[in-house]
Amino acid sequence: MASDVESPIERIAEHPSAVEPSAIEHEFDKIWAETSSESPGDSSVRLRTVNFVALGCDEASVGRFEAVMEVLPQRQPCRGVLAAVYAGQPSLEASISAHCWRAGGGSRHLCSEEVTLRGGLKDEHALGSAVLALLVPELPVATWVIGEPLLSSHLVTDLIEASDRIFIDTGEAADTSAAMRAVLSTRESRDIELCDLAWYRLDAWRSLVAQFFDGDEGLRQVRRVRTIEITAGADRSRADALLLAGWMVSALGLSLADRRATDASIEATLYESSRPVTLRISHGAETDTAISGVRIETPDVQFVLELHSESGHIHVRQEWPDAPIERKVASEPTDDASIFIVALEDGLGSKLYGRSLMSALSLLGD
Amino acid sequence: MTTMTTAPIENPLRAGMRLQRTPDACAVVVFGATGDLTARKLMPALYNLARERSLPGGFSIVGYARRDWSDEQFRAAMKEGVTKYSREPIDESLWESFARELHYVPGNFDDAEAYTRLADRLGKQDAAHGAGGNRLFYLATPPTAYAPIAEHLGAAGLARPADGWARLVVEKPFGRDLASARALDQELGTVFRERQIYRIDHYLGKETVQNIMVFRFSNGIFEPIWNRRYVDNVQVSVAETVGVEGRGGYYEESGALRDMVQNHLMQVLALVAMEPVASFQGDAVRDEKAKVFHAIRPIDDITRDTVRAQYRAGAIFGKDVPGYREEEGVAPDSNTDTYAAMKLEIENWRWSGVPFYLRVGKRLPKRATEVAITFNRAPLQLFRQMGGDNPTPNLLVLRIQPDEGISLRFGAKVPGTRSDVRPVNMDFRYGNSFGVDPPEAYERLLLDAMLGDSTLFTRWDGVEAAWELLTPVIDSWAGGDSPMQFYDAGSWGPEAAKHLIERDGREWHRM
């Protein structure tokens with residue numbers, strides 16, 4: 001799905017160039033001087049409200065970082081720094097670029113800075129120290145561990161202290177259960193804000209599910225839920241579906257009594273006091289979809305959410321026997337840039353995520 | 001022992017979410033549904049709220065107006081409006097889903113039978129959608145229709161439903177002076193209670209106006225100096241480049257003072273001057289604003305402390321424009337003000353002795369709305385004694401529109417061997433730090449009204465206090481006590497406005 005942020009309105013300047021890592025700040029100063037002299041009537045503003053650090057372990061991570069930097073600075077002006085470590089990279093290399101665009105058709109150029117650092121496995125510590133030197137003082141640091149959420153790598157360890165928030169994605173883990181356990185234990189043992197992109201992908205789903213239970217009638221139904229079904233795509237969506245289920249289990253105060261799992265599904269019996277609730281998570285074959293549907297049933301009504309992947313709309317139905325209600329709403333884009341736009345603006349929900357994660361792990365049998 | 005099943009007080013699935021609830025299922029009834037405001041502002045706002053998941057299932061809209069339209073004609077007209085004016089492009093499939101809940105009831109505002117049909121229609125929708133009798137009545141009509149509509153809603157049993165809630169949203173102007181505002185309040189009050197009435201001032205829905213409170217109360221460094229000890233004067237300015245834009249007939253009855261000062265400027269002034277609130281719950285903000293209105297000293301010398309003026313022919317952006325009296329629908333000898341300026345004083349502990357200057361005008365050189373707070377000069381002009389310049393005072397400007405942002409002017413040393421001081425600006429622009437377009441004011445206000453949150457709406461005591469202050473000015477101007485001044489279109493207003501502030505040894509902030 002496409003990002004909800006437009007591409008830069010008009011790219012004015014780009015300077016992708018290889019530089020000595022120690023000369024990066026100096027080279028940026030030169031770029032700003034050039035940018036100003038190229039258009040004397042216009043003003044250029046270097047915008048930075050956050051340090052956005054990305055840590056990668058392959059060449060593909062460079063592409064993902066650049067895709068995010070095409071969009072993110074327009075919503076979260078930042079200095080973006082990628083440190084990518086992978087076998088086969090002979091030595092430490094750095095390149096910088098500056099992207100400028102016009103805001104609202106005016107003459108003012110808004111500019112962001114991007115630094116890409118690549119190194120071999122032996123360069124991990126050197127890269128960590130280079131990233132620390134490039135952080136703009138007094139600005140928050142958001143660090144993204146691209147791909148497999150490996151929190152024990154040297155690079156991540158080096159940067160944990162300097163980071164205000166660390167973003168991982170349990171949806172990218174080869175072993176969802178191990179990744180969730182690692183996240184939970186890191187959150188409990190260290191004083192860092194560890195955020196999961198899988199959690200932010202659930203924003204639209206969570207708000208729509210919650211909406212069913214607003215108002216007097218909704219509040220009556222919330223204590224009458226007897227079945228919850230979540231349908232998701234294959235593989236990558238495993239963490240998303242588990243987190244959504246974990247959130248509902250935790251928020252509704254359900255206790256796990258029994259679970260049965262196969263490769264394609266999890267079915268659990270839970271209780272709220274003496275009332276049983278059946279929870280089913282089933283995975284289809286689609287690979288590009290995370291959650292594709294949610295159905296919640298009470299004795300009086302079925303609440304249904306269905307994602308139509310082509311239109312990107314979510315069909316929302318309240319199937320009351322005498323007065324069914326149906327409507328469509330827009331879903332949220334789930335590309336990296338869009339998720340970061342949501343995640344960086346969010347200051348809430350950390351404890352809620354922790355509780356949901358614990359419930360998700362219990363559904364996995366951990 | 002029997003067990004009673006009671007609903008929990010809060011939705012447990014909302015815990016930790018930014019939006020604590022969506023509105024109850026309800027019907028929004030728009031009176032004046034075929035008018036410009038509905039197509040240009042209300043419908044795009046409601047469509048965007050729906051597409052962004054802020055509206056509940058069971059939500060519907062009923063348009064009510066004189067034209068003999070069908071549901072389909074209403075939907076087509078509204079689609080055209082949304083296509084043209086929505087901040088987000090229209091999505092055909094989402095529109096189709098939204099439009100299914102658009103309905104239309106034709107009727108005159110004083111046709112009792114039409115209100116019965118409206119009640120029937122709403123009853124059917126309640127049955128179909130479980131809206132529970134919740135209704136938001138939006139009066140997008142001329143003010144003369146407010147009282148008859150309210151009366152008929154009452155007679156049709158729609159104002160105080162047995163089940164659910166009913167709220168009435170009214171647009172400005174709320175009256176045209178103190179007497180007419182009181183009469184209107186009384187007429188509405190016979191049908192609706194004060195807590196059911198939502199007087200909309202769309203300025204209060206603007207993000208940058210709301211940011212005045214955020215700026216003051218979430219930053220520790222400004223509030224300690226936000227008082228008479230440090231502030232020399234406050235200016236609230238609204239400059240428009242447009243003239244009356246074909247609405248000469250309306251403007252002739254209104255003028256700058258009624259159209260802008262009584263509502264928008266007074267509300268902005270109150271946000272700048274009010275005391276901090278302990279919370280944003282209930283009426284806390286409106287209570288503090290009311291205290292400000294009541295603390296404004298009545299203008300004792302209207303001829304001295306106010307200026308009214310009218311634009312003559314001139315040029316805007318190099319293009320010739322006619323004078324006000326040559327506009328369509330305007331009398332050739334019109335006495336209506338297109339520019340108003342005044343000096344106010346707030347008699348309370350915080351602001352005693354600090355003048356608040358307000359100015360608003362049409363056909364000024366540029367469009368801008370700003371609050372400018374000029375601070376006292378440093379107590380010792382040290383650098384003047386050393387041969388340097390006399391530094392200009394610090395100035396804090398809250399730019400409300402366009403180019404929304406905040407700038408702070410301070411003195412800095414000019415590089416060199418001398419001690420010259422030059423004023424420089426530290427500039428924050430919304431667009432630079434938040435790339436996203438803020439939601440339209442009407443989106444926020446409509447959502448708040450549906451949620452029953454009246455914080456951003458004006459309360460009767462505030463409206464009444466503003467009219468109490470300004471009605472003597474209106475009467476004095478009407479009696480010819482203050483002569484009408486004139487200014488060329490494209491200028492910054494009449495000379496008399498300059499004299500108003502220069503007499504105090506100050507000058508208008510350059511916008």
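Start with chain B and select Pro173(B), which sits in the loop between strand S5 (166-170) and helix H6 (178-189) of chain B. Helices (H or I, at least four residues) and strands (E, at least two) are DSSP runs, numbered from the N terminus. The peptide bond that leads from Lys172(B) into Pro173(B) is cis, with omega near 5°.

Before the next stop, some ground rules. The model is predicted: local features need pLDDT of at least 70, side-chain atom pairs count only at pLDDT 80 or more, and totals for chains, interfaces and linings use all residues. Residues are numbered from 1 along each chain as its sequence is written, and chains are lettered from A and ligands numbered from 1 in the order in which they are written.

**Another cis bond**

Go to Pro402(B), in the loop between strand S14 (395-401) and strand S15 (405-413) of chain B. Gln401(B) and Pro402(B) are joined by a cis peptide bond, with omega about -20°.

**Two residues with positive phi**

Select Glu245(B), in the loop between strand S7 (231-239) and H8 of chain B. Glu245(B) is not a glycine, yet its phi is positive, about 50°. Is Glu245(B) buried or exposed? A residue is buried if 20 or more other C-beta atoms lie within 10 Å of its own, exposed if 12 or fewer, and partly exposed in between, with C-beta atoms placed from the backbone. Glu245(B) has 12 other C-beta atoms within 10 Å and is therefore exposed.

Now move to chain A and select Ser273(A), in the loop between strand S12 (265-272) and strand S13 (275-283) of that chain. Ser273(A) has a positive phi of about 55° and is not a glycine either. Ser273(A) counts as exposed because it has 8 C-beta neighbours inside 10 Å.

**The open sheet of chain A**

Stay in chain A and show its strands. An open sheet of 8 strands has the order S11-S12-S13-S10-S14-S15-S16-S17, with mixed pairing. Two strands pair if DSSP finds at least two bridges between them. The edges are strand S11 (255-261) and strand S17 (325-330) of chain A; each has a single partner strand, so one side of each is left without a neighbour in the sheet. On average, neighbouring strands here are turned by 15° against each other, direction ignored. Axes are lines fitted to C-alpha atoms, for helices over the stretch in contact, and angles run from 0 to 180 degrees between N-to-C directions.

Select Arg317(A) and look across to Glu326(A) in S17(A), which stands opposite.

**Where the chains meet**

H3(B) lies across S16 and S17 of chain A, at about 150° to S17(A). How many residues of chain B are in contact with chain A? The contact joins 33 residues of chain B to 41 residues of chain A, where contact means that the C-beta atoms of two residues, placed from the backbone, lie within 7 Å. Helix H3 (92-99), helix H4 (112-129) and helix H12 (430-433) of chain B are the elements that give two or more residues to chain B's side.

**A strand enclosed in chain B**

Select strand S2 (residues 60-65) of chain B. Here 6 of the 6 residues are buried, so S2(B) is largely enclosed by the rest of the structure. One face holds Ser60(B), Val62(B) and Tyr64(B), and the other Ile61(B), Gly63(B) and Ala65(B). Strand S1 (residues 27-31) of chain B runs parallel to S2(B), with 5 bridges between them. Phe31(B) stands opposite Tyr64(B).

**Two crossing helices**

Next, show helix H1 (residues 36-51) and helix H2 (residues 71-85) of chain B, whose axes come within 8 Å and cross at roughly 85°. H1(B) and H2(B) are therefore roughly perpendicular to each other, a word used for angles of 65 to 115 degrees. Residues in this contact include Met43(B) and Tyr47(B) of H1(B), and Met78(B) and Val82(B) of H2(B).

**Last stop**

Finally, select Leu358(B). Leaving out residues up to four places away in sequence, Leu358(B) touches Val236(B), Val261(B), Leu265(B), Leu269(B), Ala341(B), Met342(B) and Leu344(B).

Key: Parallel < 35°, antiparallel > 145°, perpendicular 65-115°, else oblique.
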